[in-house]
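Morning, everyone. One structure today, and I'll keep it short. Please have a look at it first.

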Amino acid sequence: MPEGHTIHRAARDHKKALMGHRIIVSSPQGRFSDGAKILDMHVCSSIEAFGKHLFYKFTCDMYLHIHLGLFGRIRKTKAPVMAPLGQVRVRLVGGDCCVDISGPTICAVRNQDEFDRLILRIGPDLLRDDADPYYFFNRVKRSRARIGTLLMDQSVVAGIGNIYRTEILWRQNIHPCTVGKDLSGAQLKKLWDDAKVLLHVGMQNNRIITTSIDIKGKNAERLNIFNKTHCPLCSETIEKIEINGRSAFFCPQCQPIG
DNA sequence: TTGATTGTTACCGG
DNA sequence: TCCGGTAACAATCA
């Protein structure tokens, strides 16, 4: 479910609902009792997203670190608090808000030092104002890896997942197997700018939208070629390949190998 | 029951 | 040192 926009959206929403409140952190299924005990009843002082990582900071100077992985979900509900739905690992209750987190691959309590080291590993985040595009350009230009691999490497650029990878490369007419070194500065600048726009659109709408078709229609197509059979531009048959174990799609006509 | 899935890390071999 | 492949982990749905 989550690419970068999901996490940043959650951070924004949860800030309004949880910050400044005393928070009860619990593990309804008893699957994360260590974190729950440490953070019980402290005030939430900030919530921030870095790429796909989410950090809730508490006044006891500890962070709750969440990464949803492939299957994780965040559900926010209003009081009264209901029985948890599915395998809820952590529940945050404060103000009139209840946040349930299920299926995360990372769900841990961090101190300041651990937080600082984690942040260093994360590349420029397309959804953060402080993101440095030149770091991304340089990493790609020096690399012999395929751009399809590099876009998913969160130390190169943070926030892009499997669906955005396919869609962004199609929009820029770049074959996913093109080697990083072979891309021009102009191509990389367009790639960065487009990715940034798409992630912001995703955050606004709370869903991935990469088509320019009217997004208000309920049945409007929201993706161009991901999981599709034909290219919406040239009608060519879309090809499916695996890159680093994940499916990638491309149009052989619109995305010639560079 | 099986397979697929909007993710990441560790480890190994070339 | 870089890059690709594999396994492991997570939860849900068709």
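I'll go from the overall fold to one helix and then to the DNA.

A caution to begin with: this is a predicted model. Chain A has seven helices and ten strands. Its C-alpha trace spans about 55 × 40 × 30 Å along the principal axes. How does the radius of gyration agree with that of a compact globule? For 258 residues the globule rule gives a value near 18 Å; chain A has 20 Å, so the two agree. Of those 258 residues, 38% count as buried. Now the contacts in chain A with a separation of 6 or more: 61% of them join residues 24 or more positions apart.

Next, helix α7, residues 185-205. At 1.5 Å a residue, its 21 residues should span 30 Å. The end C-alpha atoms are 30 Å apart, which agrees. Which residues of α7 are buried? They are Leu188, Leu191, Trp192, Ala195, Leu198, Leu199, Gly202 and Met203. These cover an arc of only 140 degrees around the axis, so they sit on the same side of α7. Ala186 and Gln204 are exposed, on the other side of α7. What do the buried residues pack against? The partners are α1 (4-18), α4 (133-141) and α6 (162-171). After α7 comes Asn206, with a positive phi, near 60 degrees.

Last, the DNA. By type, the surface near DNA strand C divides into three nonpolar, ten polar and three charged residues.

That's it from me. Over to you.

Conventions
Residues are numbered from 1 along each chain as its sequence is written. Chains are lettered from A and ligands numbered from 1 in the order in which they are written. This is a predicted model: local features need pLDDT of at least 70, side-chain atom pairs count only at pLDDT 80 or more; totals for chains, interfaces and linings use all residues. Ala, Val, Leu, Ile, Met, Phe, Trp, Tyr, Cys and Pro count as nonpolar, Asp, Glu, Lys and Arg as charged, and the others, Gly among them, as polar. Helices (H or I, at least four residues) and strands (E, at least two) are DSSP runs, numbered from the N terminus. The radius of gyration is taken over C-alpha atoms; the globule rule is 2.2 Å times the number of residues to the power 0.38. A residue is buried if 20 or more other C-beta atoms lie within 10 Å of its own, exposed if 12 or fewer, and partly exposed in between; C-beta atoms are placed from the backbone. Two residues are in contact if their C-beta atoms, placed from the backbone, lie within 7 Å. The expected span of a helix is 1.5 Å times one less than its number of residues. The arc is that of the directions from the helix axis to the C-beta atoms.
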